[in-house]
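Trainee: Could you walk me through the cavities in this structure?

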Amino acid sequence: MSLKVVIPTPLRKLTSGAETVEVEAATVQEVLDNLDSKYPGFRASVCDESGSLRRFINIYLDGEDVRFLENLATPVADGSEIAIVPAISGG
Amino acid sequence: MSFVKGLKCRECGREYPVKLLAGCEDCFGPLEADYHYEAIAKVLKRDVIASRPKSIWKYRELLPIESEPQIGLGTGGTPLLRADRLGRKLGIDNLYLKNDAVNCPTLSFKDRVTAVAINKALEFKLEAVGCASTGNLANSVAAIAAAAGLPSFIFIPHDLEKTKVIGTQIYGTRLIAVKGNYDAVNRLCIQIVDRYPWGFVNVNLRPFYAEGSKTIAYEVAEQLGWHAPDAIVVPMAGGAMISKIHKGFKELQRLGLTSETERTRLYGAQAAGCNPIIDAVKRGSRDIRPVKPNTIAKSLAIGNPADGYFAARLIPESGGWAEDCTDQEIVGGIHLLAETEGVFTETAGGVTVAVAQKLVQQGRIKQTDLTVLAITGNGLKTLDALDMAPPQVIEPKLAAFEEVFGGAYHVA
């Protein structure tokens with residue numbers, strides 16, 4: 001399944017500056033795995049040593065935080081949009 | 001002259017020069033300003049501070065601006081009120097209110113952070129500023145940007161209180177209401193900042209902006225005669241303010257302005273309908289589980305608090321605790337504060353008062369603790385949360401008055 005991934009500025013050094021990239025994947029985990037094969041070092045940038053998502057990075061599937069879904073195991077559909085967004089807030 | 005050494009990642013420690021940056025480029029952790037404290041200690045003495053006019057800029061060596069502040073000069077310096085009548089109700093002998101309900105220019109603590117951020121935007125010569133906001137920050141950025149002559153773009157959840165909407169639009173800002181909760185608004189803003197050359201105070205100006213909250217600690221300590229309180233109760237949304245208040249008290253000790261032995265226990269307060277930080281503290285964890293907010297305390301309705309991790313770590317480390325309260329208890333807290341101390345606070349202040357009451361009941365705050373409640377916003381902004389019976393209407397005749405209120409003279 002093909003979907004669009006929105007890449008935040010700090011990670012565009014890995015994607016040759018591309019703001020969005022297309023990947024084939026069935027789950028969020030596969031999105032990260034496939035991005036890592038395409039752009040070596042990608043997974044290490046968003047995940048810690050144990051493979052969990054870093055504390056200050058959020059992943060949204062069609063606008064919903066994947067932590068409200070099934071985290072990295074969340075299935076993705078054809079045409080979905082994944083956004084990788086740094087965690088920032090402050091009312 | 002600036003005493004800022006640079007920016008430092010709170011997660012991995014990577015250092016950066018002063019620049020417009022949302023987070024660490026390696027680990028995405030939040031950045032914060034680091035200072036030349038030895039140099040500051042030589043110039044920032046108690047008598048120097050006492051000689052300056054009341055505002056956050058009394059402590060300007062500890063704020064991350066390079067030159068003299070240009071805007072927000074009247075911000076801060078709010079009263080620290082002794083609250084004996086409320087104290088008797090709560091069971092605290094030594095109770096104080098830090099009353100940011102009368103902060104300038106927009107009646108909430110947010111003016112402190114915004115004043116720092118907009119001065120920084122002027123230093124960076126940015127062409128526009130903006131923010132994602134639950135309301136108070138919207139008011140503050142719109143006002144201070146207007147006074148600085150900077151265009152602003154302000155993003156809010158679509159269901160915000162009318163008073164906070166009008167209280168933003170009045171300044172001639174570009175106000176954009178977004179379908180979704182604050183977390184959705186904020187995510188959009190992070191993506192906008194990625195594309196447009198603007199300064200969003202809570203995104204790419206955040207390392208500077210957040211430092212403004214430290215001034216609450218500085219002022220409280222100075223107003224207590226250079227003592228740190230035993231306990232402070234602070235409302236939490238994103239979790240930034242409580243950790244900056246902690247940083248502020250630590251800095252005063254480091255500079256020798258307060259005693260090294262005084263420790264302030266941090267108590268965090270949230271509404272039960274949006275309590276991800278309370279939940280983490282009670283689980284003994286720093287791992288924040290995001291929630292979908294559902295509370296009248298809209299200014300605290302951040303379900304995915306970016307600084308929640310730090311708050312959940314610092315609160316237990318300080319010896320404090322975290323507690324939440326229902327919407328009904330929030331309204332009760334607003335009434336109690338108004339009726340005992342004559343201070344009308346917004347829903348966030350109601351959260352602080354209601355949680356303080358619980359913490360005393362639980363024995364976590366002791367009767368003898370010198371306790372400060374951070375009252376961070378003004379009640380006139382959240383009238384929607386209150387449902388008061390209309391006043392009795394009478395004819396303009398003495399007989400009509402006496403018929404209804406004849407016994408009023410004898411009211412104690």
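Mentor: Gladly! Ala, Val, Leu, Ile, Met, Phe, Trp, Tyr, Cys and Pro count as nonpolar, Asp, Glu, Lys and Arg as charged, and the others, Gly among them, as polar. This is a predicted model, where local features need pLDDT of at least 70, side-chain atom pairs count only at pLDDT 80 or more, and totals for chains, interfaces and linings use all residues. Residues are numbered from 1 along each chain as its sequence is written, chains are lettered from A and ligands numbered from 1 in the order written, and side-chain values use heavy atoms, without hydrogens and water.

Trainee: How many cavities of 30 Å³ or more are there?

Mentor: On a 1 Å grid over the protein atoms alone, a cavity is a set of points where a 1.4 Å probe fits but cannot get out. Points are joined across faces, edges and corners, and the volume is the space filled by probe spheres set on them. By this rule, the count is 3.

Trainee: Which element gives the largest share of the lining of the largest cavity?

Mentor: Lining residues have an atom within 4 Å of a point, and helices are DSSP runs (H or I, at least four residues), numbered from the N terminus. In chain B, α4 (110-123) and α10 (240-254) each supply at least two lining residues. The largest share, 4 residues, comes from α10(B).

Trainee: How many nonpolar residues are in the lining of the second largest cavity?

Mentor: This cavity has a volume of about 80 Å³, and 15 residues line it, with N58(A) and N186(B) among those nearest its centre. Its lining includes 4 polar and 2 charged residues, while the nonpolar ones number 9.

How values were computed: 1 Å grid on protein atoms, 1.4 Å probe; cavity = no way out; pocket = protein on both sides within 12 Å on 5 of 7 lines; lining within 4 Å.
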